[in-house]
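The sequence and structure come first.

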Amino acid sequence: MGSNISTFWENLYERLLSEKMKERSEKVIIVIAIAGFFIHLILIILNKLEIFESSYSSSLLDNPIAAIYTPFSFILVYEVYLLVYFLPKSITIYIGKQYEIILLVLIRRLFKDLAQLDLESSWFSSKDDLQFTYDIGASLIIFGLIFIFYYLNSKRTSAQKGELSKREQTQRFIETKKRFSVLLIPVLLGLAVYSFGDYFYEVFFSASHRIDSIKNTNNIFFDEFFTILILSDVLLLLISYTHTSSFRSVIRNSGFVISTILIKISFSTDGILNDILVVSAITFGVVILWIHNLYEKIEVPSDT
């Protein structure tokens with residue numbers, strides 16, 4: 001019975017998260033992103049010609065630059081898939097993908113900011129211009145922090161990785177993470193369909209047009225997505241306690257959860273506070289990984 005269940009989960013994993021499926025998904029997303037770009041561009045042209053009208057046109061249907069927003073949205077969905085793909089393989093790469101996603105969210109917002117720049121008034125008196133300044137500065141800092149994060153991860157020696165493989169990343173824990181990944185795929189797919197479907201309905205068909213701000217538009221799907229990530233990370237953290245007695249690893253994983261929670265909190269803010277929270281969250285994760293690596297270089301009595 002146990003063997004049949006394991007085979008069932010392994011088959012599901014191969015169907016949803018294999019290397020072949022990853023490559024196939026990448027090709028599909030590229031096609032969809034290109035198609036989405038041209039569709040968005042056509043809607044902007046129709047709006048300019050007053051053939052298609054929407055009270056939402058001032059933000060996403062008024063400037064051709066805003067058309068870049070749509071393909072970036074699909075690329076972000078693929079990044080979410082990659083995040084789940086890397087979950088069973090490496091906790092640090094999994095966290096790094098979370099940081100990449102929030103950076104892409106900011107980059108996507110920059111394209112919307114560009115379409116709303118006010119070059120006629122004083123730069124510092126325009127809310128949109130200030131938002132663009134905050135976002136472009138935060139994007140540069142976060143890009144650098146992600147590089148440092150991956151650099152710190154790559155500095156771990158193969159011997160240390162082997163030790164971690166035996167003591168923390170046991171085969172049983174890897175199997176648990178694989179099952180977790182398989183369960184996350186339909187949940188995130190359903191959330192994406194619902195979130196984007198509801199958004200497009202509000203923009204193009206609803207009379208209320210409730211979605212009408214940079215913050216709300218940029219947070220579609222990702223606010224709820226990071227809530228699911230927090231729950232997943234906490235569950236993985238609790239499960240990891242049964243597979244390791246290493247103090248440094250427990251603190252590292254706990255720190256990563258805190259970093260994810262800070263990113264989630266940032267979605268409820270706007271302006272410079274939003275960027276400060278995101279930069280602080282990723283900085284915290286980088287520092288946690290750096291200190292964890294220092295621990296690996298010394299012998300700690302409690303870890304033996």
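Gly 285 touches Tyr 99, Phe 149, Phe 256 and Ser 259, not counting residues up to four places away in sequence. The model in which these contacts are found is predicted. Gly 285 is found in helix H12 and counts as buried, because its relative accessibility is 0%. The C-alpha atom of Gly 285 is separated by 9.0 Å from that of Val 257, the two residues being 28 residues apart along the chain.

Asp 275 also lies in helix H12. With a relative accessibility of 4%, Asp 275 counts as buried. Once neighbours within four places in sequence are left aside, the contacts of Asp 275 are Leu 106, Arg 109, Gln 131, Tyr 134, Asp 135 and Ala 138.

Both Gly 285 and Asp 275 belong to the set of H12 residues that meet helix H6. On the H12 side this set also includes Ile 272, Val 278, Val 279, Ile 282, Val 286, Leu 289 and Trp 290. Among the H6 residues that take part are Gln 131, Tyr 134, Asp 135, Ala 138, Ile 141, Leu 145, Phe 149 and Asn 153. By class, the contact of H6 with H12 has 15 nonpolar, six polar and two charged residues.

The axes of H6 (residues 127-154) and H12 (residues 271-296) come within 10 Å of each other and cross at roughly 10°. The two helices are therefore roughly parallel to each other.

Helix H11 (residues 247-266) also packs against H12, at an angle of about 175° and with the axes 8 Å apart. H11 is therefore roughly antiparallel to H12. The contact of H11 with H12 has 15 nonpolar, seven polar and three charged residues.

## Helices H4 and H10

Helix H4 (residues 69-86) packs with helix H10 (residues 222-240) at an angle of about 5°, their axes being 13 Å apart. This angle makes H4 roughly parallel to H10. Leu 76, Val 80 and Leu 83 of H4 make the contact with Phe 222, Phe 225 and Leu 229 of H10. These residues divide into six nonpolar, no polar and no charged.

Glu 224 has its place in helix H10. Its relative accessible area is 40%, so Glu 224 is partly exposed. Between Glu 224 and Ser 195 the C-alpha to C-alpha distance is 8.9 Å, for a sequence separation of 29 residues.

| Helix pair | Angle | Axes |
|---|---|---|
| H6 and H12 | roughly 10° | come within 10 Å |
| H11 and H12 | about 175° | 8 Å apart |
| H4 and H10 | about 5° | 13 Å apart |

## Aromatic rings and charges

How many aromatic pairs does a search of the whole structure find? The search finds seven. One of them is formed by Tyr 85 and Phe 86, with 5.1 Å centre to centre and 85° between the planes, an edge-to-face arrangement. Tyr 85 is buried, with a relative accessible area of 5%, whereas Phe 86 counts as partly exposed at 21% relative accessibility.

Phe 149 and Tyr 150 form an edge-to-face pair too, with 6.0 Å between the centres and 70° between the planes. Phe 149 is buried, its relative accessible area being 0%, while Tyr 150 is partly exposed at 23%. Ring pairs link Phe 149 and Tyr 150 with Tyr 99 and Phe 256 into a cluster.

Two lysines lie over ring faces. Lys 22 lies over the face of Tyr 85, at 5.5 Å from the ring centre. Lys 178 lies over the face of Tyr 13, at 4.9 Å from the ring centre.

## The chain as a whole

The chain has 12 helices and zero strands. Of its 304 residues, 48% count as buried. Among contacts with a separation of 6 or more, 77% are accounted for by residues 24 or more positions apart.

Terms used. Residues numbered from 1 in each chain as written. Predicted model: local features only at pLDDT ≥ 70, side-chain atom pairs only at ≥ 80, totals over all residues. Heavy atoms only, no water. Phe/Tyr/Trp six-rings, centres within 6.5 Å; stacked < 30°, edge-to-face > 60°. Buried < 20%, exposed > 50% of the residue type's maximum accessible area, 1.4 Å probe, protein only. Lys NZ or Arg CZ within 6 Å of the ring centre and 35° of its normal. Axes fitted to C-alpha atoms, helices over the stretch in contact; angles between N-to-C directions. Helix = DSSP H or I, 4+ residues; strand = E, 2+ residues; numbered from the N terminus. Parallel < 35°, antiparallel > 145°, perpendicular 65-115°, else oblique. Contact = heavy atoms within 4.5 Å. Nonpolar A, V, L, I, M, F, W, Y, C, P; charged D, E, K, R; others polar.
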